Amino acid sequence: MITPEIQFQIDCVSKNLVTMLMEHYGWDMKQALDELYTSETFDRLTDPECGLFYESPVYVFSFLQSEIETGKLA
């Protein structure tokens, strides 16, 4: 179950990930949001059992970047 506190953490990490995608790949916001929301990384980020939402955005970005560049989640 996603509590309001967990949702807040997911939202904060997601915001940072979108900014990082835009800066790293030169994407506009729509493309960055689309890439994030359709990724396996985002699925794990929003899974309370996984606990990825507790990690830093830089750490989560490393998984997302690997997924984007290799097609697989590290």
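1. Asp34 and Lys30 sit 4 residues apart in helix α2 (residues 29-37), about one turn of the helix. Helices here are DSSP runs of H or I with at least four residues, strands are runs of E with at least two, and both are numbered from the N terminus. The two side chains form a salt bridge, with the closest N and O atoms 2.7 Å apart. That term means a side-chain nitrogen of Lys or Arg within 4 Å of a carboxyl oxygen of Asp or Glu. Asp34 is partly exposed, at 38% relative accessible area. Lys30 is exposed, at 56%. The cut-offs are these: buried is under 20% relative accessible area, exposed is over 50%, and partly exposed is in between (1.4 Å probe, protein chains only).

2. A note on the source: this is a predicted model, where local features need pLDDT of at least 70 and side-chain atom pairs count only at pLDDT 80 or more, while totals for chains, interfaces and linings use all residues. Residues are numbered from 1 along each chain as its sequence is written, and side-chain values use heavy atoms, leaving out hydrogens and water.

3. How many salt bridges does a search of the whole structure find? It finds 2. Besides the Asp34 bridge to Lys30, Glu40 forms one with Arg44, and here the closest N and O atoms are 3.2 Å apart. Glu40 and Arg44 are 4 residues apart in helix α3 (residues 40-45), so about one helical turn separates them. Glu40 is partly exposed at 37%. Arg44 is partly exposed at 37%.

4. Now the aromatic rings. Rings of Phe, Tyr and Trp (its six-membered ring) pair if their centres lie within 6.5 Å; planes under 30 degrees apart count as stacked, over 60 as edge-to-face and the rest as tilted. The count comes to 4 aromatic pairs. One of them joins Tyr37 and Phe42: the centres are 4.9 Å apart and the planes at 65°, so this pair is edge-to-face. Tyr37 is partly exposed, at 46%. Phe42 is buried, at 15%.

5. Phe53 and Tyr54 also form an aromatic pair, and this one is tilted, at 4.4 Å centre to centre with 40° between the planes. Is Phe53 buried or exposed? Phe53 is buried, at 3% relative accessibility. Tyr54 is exposed, at 59%.

6. Look next at helix α4 (residues 57-70). This helix has 14 residues and reaches 20 Å from its first C-alpha to its last, close to the 20 Å expected at 1.5 Å a residue. The expected span is 1.5 Å times one less than the number of residues. The buried residues of α4 are Val60, Phe61, Phe63, Leu64 and Glu67. Seen down the axis, they fall within an arc of 160°, so they line one face of the helix. The arc is that of the directions from the helix axis to the C-beta atoms.

7. Which parts cover the buried residues of α4? Among them are α1 (4-25), α2 and α3. On the other side of α4, Val58, Glu69 and Thr70 are exposed. After the helix comes Gly71, with a positive phi near 85°.

8. Finish with Ser14, in helix α1. Ser14 is buried, at 7%. Its side chain reaches the backbone oxygen of Ile10 at 2.8 Å. Leaving out residues up to four places away in sequence, Ser14 touches Leu36, Phe42 and Leu45. Contact means heavy atoms within 4.5 Å.

Technical notes. Polar contact = N/O pair within 3.5 Å; in protein donor to acceptor, adjacent residues only side chain to side chain.
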